[in-house]
Amino acid sequence: MLNKMKPQSAVHLVWFKRDLRTQDHQALAAALASGPTAGLFVFEDEWLQSEDFAPCHLQFVLECLTELRASLARIGVPLLVRHGSIIGVLDALHREHAIHTLYSHQETGLDWSFRRDQSIQVWCRHYSISWQEFKQFGVVRRLKDRKTWPEKRSLIIDRQLIRVSGQSTLKSPWPELSGEIPIPDPAQLKPGAQKGGRTEAQALLCSFFEDRGEHYSGSISSPNTAGEGCSRLSPHLSWGTLSLSEVHASIRMKRSALHALPRAGKWLRSIEQFESRLWWHCHFIQKLESEPSMEFENVNREFDGMRESEFDETKFEAWCKGETGFPMIDACMRALHRNGWINFRMRAMLLSFATYQLWLHWKKPAVFLARHFVDFEPGIHYSQVQMQAGVTGINTIRIYSPKKQLLDQDPEGRFIRAHLPELARVPVSDLAEPHLMPPLLQLESGFQAGVHYPMPIVDPDESYRRAKERIFEWKNRSEVRKAAKRVLNRHTSNI
Ligand SMILES: Cc1cc2nc3c(=O)[nH]c(=O)nc-3n(C[C@H](O)[C@H](O)[C@H](O)COP(=O)(O)OP(=O)(O)OC[C@H]3O[C@@H](n4cnc5c(N)ncnc54)[C@H](O)[C@@H]3O)c2cc1C
C-alpha cells in the first residue's frame, strides 16, 4: 500500500533528466524554496533500450553526474541514482519517504519519453502528487500560432538567471546509489569525444567569449577550422550542463563590452551569427514539439513512397563505415566515429549524400547519426534530417557534392589525410577522386584504387543527376505543393 498522505517530512523531489546542472535551474530553486529536497536521476530502461541510444551518451551523462552530485551535496541535496523504469523507482521512493511534489524540466523528446511522461502524469494524479514542470528551452507546448513564437521564446529565455543557493533541510538518510549503474563498454567509446560536466561547459563558454568566438563567422564551414571556431557547446546544451539563458546572458555581456571598443566588427558579426544559431536551436525543437510524428514520418506526407522501397543495405553499410569511395564523406564519417561530433555543413552533407546520391530513406541514417552524435538532441536532429532529405516541401533542395565540399573546405587535404591514412600516397590534386588517378601514377605511388581504398559505390555524376531529377519531380507535384502550405503554416516563423 503506497503512501497517499503527505507528512511534514515529505520530500520535494527534483527529477534530473537533460538538465544536469545546479545553477540557473528553475526546478531545483523551486524545490529548495518549498522544503526538504532530494535529487533523482534514473537510468531509464526505455532510454537505454531506445534505438537512438549509444554508449557515448551514457559516458557523457556519467561524467556530468559526478559533478552534479558534488555540486548538489554542497547545498545539502542528495542525488539518488537509480536504474530501471521511472514508475518503479518513484513507487519505491514514495513508499519509503513520501514524495510531496515532483519537479522537472519540460522535455521535448521522442515517442518513448512522451509515453513515459503520460504514465507519470497518471501516477502523480493517483497519489495526489503535483508535478511541476519548468521550461528548459524556448519551446511552447500546444503552440497555436507560429507568428507569436519569437516573442514567447524571448520571454522564456531572456529572463534573469537564477542563483541557486540555500540548504536542503532533508532529515532522513537516503541511500544515494542503489541497484546497478550501467557502465559503457570502453571498447565502444569514442577516443575524441567531448567530456561531460559543468566545469567543461563553463570552460568552453569562457574560451569562446574570450577568444575563440571572434573567428566564428569565418570558421564554421570547414572541418579543419570548425572544431576550434564553433562554440562546441552542443552536448552541454543537449544535456543541460549549461542553460540556454546562461549562453544568451553571455552574449549580452559580450555585446555591451564590444560596443565600447573601436574595432569590434568581426566579433560583432560572429556574435550575431552565433546568436541566430541559438534561435535555430529552439526553432527546430519547436517543430518536434508541434509535430512529434516527424520522428517516424515525412513531415509532408505526400513524399511517402518516394524512397522507402529502394533501401540498399550494402550502400547504407558502406556509408556507416566510411567506405563509400568518396573521400570527403568517408573522412567525415571516420571523424564522427572518433570524436562524436562534426560541424553542421558536414552533417548536412553526410545526410544529403545518404538520401540523394544513395537514395536511402532518411530514418535509418538518422538513427545511425543520432547514435554517433554525443550532442544528440531529438528536436534539432529529426527536423534537420527531414529538411536535408528534402521531405518537407518548404525548404530549398540542397544536394551536396562531396567533391565540391572537399575542394572548398579542405583544398590542402589536411582533413582527408588526418582521417583517411590509406590515401597518404595520393597527391593533393587527386584526393577528391582518387579512382581517377592515372594508372601509371598509381603504380609509381604504390596506391591502387579499389585495393587500398574503395571505388565509388555510385557514379558521382549520374547519382547526382538522377537524384535531382527525382526530387524536383516529386516536389513539383500538386499534392506535395498543397501539403507544403500546411507545413509552412505550422512550422515557420520570422526569426
Ligand atoms: C542532419 C543534422 C543533424 C543534426 N543533429 C543535431 C543534434 O542532434 N544535436 C544538436 O545539438 N545539433 C544538431 N545539428 C545542428 C548542428 O550541426 C549542431 O548543433 C552543431 O554542429 C553543434 O556544434 P556547436 O555547438 O559547436 O555549434 P555552434 O555553431 O557553436 O552553435 C551553437 C549552438 O546553436 C545550436 N545550433 C547550431 N547550429 C544549429 C542548427 N543548424 N540547427 C539547430 N541548432 C543549431 C546548437 O545548440 C549549438 O550548440 C544537426 C545538423 C544536421 C544537419
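Trainee: What should I know about the model before I start?
Mentor: It is predicted: local features need pLDDT of at least 70, side-chain atom pairs count only at pLDDT 80 or more, and totals for chains, interfaces and linings use all residues. Residues are numbered from 1 along each chain as its sequence is written.

Trainee: OK. How many helices and strands does the protein chain have?
Mentor: It has 22 helices and five strands. Both are DSSP runs, numbered from the N terminus: helices are H or I with at least four residues, strands are E with at least two.

Trainee: And what is its radius of gyration?
Mentor: 25 Å. The globule rule gives 23 Å for 495 residues, which is close, so the chain is as compact as a globular protein of that length. The radius is taken over C-alpha atoms, and the rule is 2.2 Å times the number of residues to the power 0.38.

Trainee: Switching to the sheet. What is the strand order?
Mentor: β3-β2-β1-β4-β5, in an open sheet with parallel pairing. Two strands pair if DSSP finds at least two bridges between them.

Trainee: Which strands stand at the edges?
Mentor: β3 (79-84) and β5 (130-135). Each has a single partner strand, so one side of each is left without a neighbour in the sheet.

Trainee: What about β2? How many bridges join it to β1?
Mentor: Five, between residues 11-16 of β1 and 37-44 of β2. His12 stands opposite Thr37, and Val14 has Gly39 as its bridge partner. Gly39 also stands opposite Leu79 in β3. β2 and β3 pair over six bridges.

Trainee: Why is β2 largely enclosed?
Mentor: Because seven of its eight residues are buried. Buried means 20 or more other C-beta atoms lie within 10 Å of the residue's own; exposed means 12 or fewer, and partly exposed is in between, with C-beta atoms placed from the backbone.
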